[in-house]
Amino acid sequence: MQLPKSSAILALAILSANALPAAYPAAVEQRGLFDDIQITDDLIIFDSPAFPDPNNPGNTLVQLQSFASLRQIDLGVVSSAVSAFLGTLGVDIGDSLNTLQERIRLLGAIGLPGKSATISVPGCANEVETGETSGLPNLGMSIATASLGDCGSATELSGTASLTFLDNRKISGSIFASPDLGFGVISDIDDTVKISNVLDTVELIKSTLLDEPKAVPGMPELYTSLAASLNKPQFVYITGSPFQLFPFLNDFLDSAYSTAKGPIFTQNLTVIDPVQAIQFITNSNTQAYKVSQIDRLQAMYPNKKWLAIGDSTQKDPEVYAEAFNKGVAISCAWIRRVDGADNSAERFAAAFAGVPADKFRVFTDAEIPALANINVAGGEC
């Protein structure tokens, strides 16, 4: 389905809604653009993976990602423009205006370069710095590897930003620490653990921007079982969704998959136009991105084995096969067969070329409960 090109109108709406107050330029000049997070700024600390320092036993490293933006005051103009756009697709927001505004909040955020924050992590020896946020093309984004020192045996920690004395907000993110051994679980999100209807553009937009998220039946119980049978594996969620949807996805996983929490790797997207963001969300070309994120995990945990779980709507079979053939220790790949996707034997044969047949499994929804009985730790798939 081709989306209308109303980008210019929506971009103007967002710029108007986020117009800088008259005093803002002077304030920026006075305090400097390359400065700490101020009360006029917003900050997101993404959930982060932590891993052993290969060069310093006992030290824990964290790959800390953050996003700084101009603090938003009013989303009314933006939400009205987005509502009008959705109407051209036949999507009626009904009584979901508050939900829509919450979901699109970051789609209209204006990233700020040169921002940084000090993060305190109770239970670890060191405070860490986020690193300065970037300019274009990754405006407002920062990713940096920092030393936490000794964090003991904790597997889930909380990092909180130190803000100015006038700012009483609490901005924090989770840090998930895991040793470089044992198992981890790499999981897709859309139509793997959450019903997203990726193959239907309108339904995908509704499930992303308006509807209450729903878990794929049986998957929360399966992930709870894996958390036990794989002895507290590091769960990592790799999604093709843009980082602007991180708060929504994080809340969903914390609620529906509370026994299988872990960092979420999302794509960078710098736009001020929700139409472009929606086009991005509905784009199925995620293979290169997801493979790069698995490479990122391999660098953190070179000795960890992985169970990779995805679905057949997009490129998860091809992603996991490519990673396997590159030498990533994927012990098993499970692919959920989604109705309407290319589920042909020819597709899977081509996708998993070079991967032994006992290293992957395509399953139906009716087979989800039985997956818990597979001894993945013992070498079964």
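Trainee: Which cysteine does a disulfide join to cysteine 124?

Mentor: Good place to start! A disulfide is a covalent bond between the sulfur atoms of two cysteines. In this predicted model, cysteine 124 is joined to cysteine 151, with an S to S distance of 2.0 Å. The link is right-handed, with 115° about the S-S bond. Cysteine 124 sits in the loop between β4 and β5, and cysteine 151 in the loop between β6 and β7, so the bond ties together parts that are 27 residues apart in sequence.

Trainee: Are those two cysteines buried or exposed?

Mentor: Cysteine 124 is buried, with a relative accessible area of 13%, and cysteine 151 is buried at 6%.

Trainee: How many disulfides does a search of the whole structure find?

Mentor: Two. The other bond joins cysteine 332 to cysteine 381, again with S to S at 2.0 Å. Cysteine 332 belongs to strand β13 and cysteine 381 to the segment after α12, 49 residues apart. Both of these cysteines are buried. The torsion about their S-S bond is about 75°, so this disulfide is right-handed. Counting bonded cysteines along the chain, the pattern is 1-2, 3-4.

Trainee: Let's turn to helices. Which residues of helix α4 are buried?

Mentor: First the general idea: an α-helix has 3.6 residues a turn, so residues three or four places apart point the same way. In α4, residues 97-104, the buried ones are Leu100, Arg103 and Ile104. They cover an arc of only 85° around the axis, which puts them on the same side of α4. The face turned away from that buried side carries the exposed residues Asn98 and Glu102.

Trainee: And what covers the buried residues of α7?

Mentor: The cover includes β1, α4, α5, β10 and β11. The buried residues themselves are Phe246, Phe248, Leu249, Asn250, Phe252 and Leu253.

Trainee: Which residues have the most contacts inside the largest nonpolar core?

Mentor: They are Met219, Tyr223, Leu226, Tyr237, Leu307 and Trp334, in a core of 39 residues. The elements giving two or more residues to this core are β9, α6, β10, α7, β12, β13 and α12. Apart from it lies another core, of 26 residues, among them Ile294, Tyr301, Tyr320 and Ala323.

Trainee: Now polar contacts. What does the side chain of serine 241 make a polar contact with?

Mentor: Its partner is the side chain of aspartate 190, at 3.3 Å. Serine 241 is in strand β10 and is buried, with a relative accessible area of 7%. For another case, look at helix α9, where aspartate 295 lies. Aspartate 295 is partly exposed, at 30% relative accessible area, and its side chain makes a polar contact of 2.6 Å with the side chain of lysine 326. The C-alpha atoms of these two residues, 31 residues apart along the chain, are separated by 9.2 Å.

Trainee: Where does pLDDT stay under 50?

Mentor: Over residues 1-34. Where pLDDT is low, the predicted coordinates should not be read in detail. The model has 60 contacts beyond four places in sequence for residues 1-34. For the protein, pLDDT averages 86, and 86% of the residues score at least 70.

Terms used: Residues are numbered from 1 along each chain as its sequence is written. This is a predicted model: local features need pLDDT of at least 70, side-chain atom pairs count only at pLDDT 80 or more; totals for chains, interfaces and linings use all residues. Side-chain values use heavy atoms; hydrogens and water are left out. Buried means under 20% relative accessible area, exposed over 50%, partly exposed in between (1.4 Å probe, protein chains only). Helices (H or I, at least four residues) and strands (E, at least two) are DSSP runs, numbered from the N terminus. The arc is that of the directions from the helix axis to the C-beta atoms. Contact means heavy atoms within 4.5 Å. A nonpolar core is a set of buried Ala, Val, Leu, Ile, Met, Phe, Trp, Tyr and Cys residues joined through side-chain atoms within 4.5 Å. A polar contact is a pair of N or O atoms within 3.5 Å; within protein, one must be able to donate a hydrogen and the other to accept it, and residues adjacent in sequence count only if both atoms are side-chain atoms. pLDDT is the predictor's confidence in each residue, from 0 to 100. A disulfide is a pair of cysteine sulfur atoms within 2.5 Å.
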